[in-house]
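User: I would like to learn how to read the packing in a structure. Can you take me through one?

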Amino acid sequence: MASVQQVDGGGAEPATDISEDELFDVLANQRRRFAVHLLKREADDSVAIGDMAEQIAAWENGIDTAEITGNERKRVYTALQQSHLPKMDDAGVVEFNKDRGVVEPTPALTDVDVYMDVVEGREIPWSDYYLGLSGVAVALVGAVWLGAWPFVLLPEMAWTLAIVVAFAFSAMAHKYYTAEMKVGRGAEPPEVGGE
């Protein structure tokens with residue numbers, strides 16, 4: 001399961017205004033997320049649709065670009081050309097020149113940092129983690145305040161410090177995790193594995 005969160009890039013206002021709803025609608029599809037990742041990580045601002053289709057097909061199949069078949073590439077190419085890239089162009093995220101077969105990110109895309117909250121297996125989302133940590137902290141404060149044993153064995157300041165350290169450690173881990181899950185960072189999209 002993956003959810004998408006937008007983080008303000010802190011730069012100048014994008015030339016093309018895109019609402020959060022439009023951005024999330026674009027990012028609701030995995031192929032479009034892969035296209036966004038590819039466009040954000042490329043140094044030169046344009047990508048040929050053929051190169052994009054080849055890389056996305058490789059990510060989807062979990063193989064190197066040299067191993068993809070013509071059918072796998074064609075299936076992705078056709079979907080990008082007929083559906084995904086026109087939708088992204090209409091939303092103002094990319095400029096898609098169908099005649100030249102070139103895709104370029106718009107300022108609306110380049111000025112937005114997006115990260116994926118990828119939750120696999122038995123992992124829990126960060127929001128649930130912080131809610132649980134807050135519940136434990138409230139219970140701990142209550143137990144110390146009521147003087148329950150064994151919480152009276154340590155001074156109140158020690159328990160306060162423990163709570164602060166737990167939240168600080170969690171925040172550092174979350175910051176590291178978020179940096180690793182940014183779309184456009186690393187060789188592969190966060191859903192594929194990233195670096």
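**Reading the core**

Analyst: Start with Met-52: beyond four places away in sequence, Met-52 touches Ala-35, Leu-38, Leu-39, Val-47, Leu-80, Leu-85 and Val-103. Contact means heavy atoms within 4.5 Å. This is a predicted model: local features need pLDDT of at least 70, side-chain atom pairs count only at pLDDT 80 or more, and totals for chains, interfaces and linings use all residues. Residues are numbered from 1 along each chain as its sequence is written, and side-chain values use heavy atoms, with hydrogens and water left out.

User: Which residues touch the most other members of the largest nonpolar core?

Analyst: In soluble globular proteins, nonpolar side chains tend to be buried together. A nonpolar core is a set of buried Ala, Val, Leu, Ile, Met, Phe, Trp, Tyr and Cys residues joined through side-chain atoms within 4.5 Å. Buried means under 20% relative accessible area, exposed over 50%, partly exposed in between (1.4 Å probe, protein chains only). Here the largest core has 29 residues, and Met-52, Ile-56, Leu-80, Leu-85, Met-88 and Val-93 touch the most other members.

User: Which face of S3 is covered?

Analyst: In a regular strand the side chains alternate between the two faces of the sheet. In S3, Val-94 and Phe-96 make the covered face, Glu-95 and Asn-97 the uncovered one. Strands are DSSP runs (E, at least two residues), numbered from the N terminus; helices are H or I runs of at least four.

User: Is Leu-153 buried or exposed?

Analyst: Leu-153 is exposed, at 58% relative accessible area. Leu-153 sits in the loop between helix H6 (126-146) and helix H7 (156-180).
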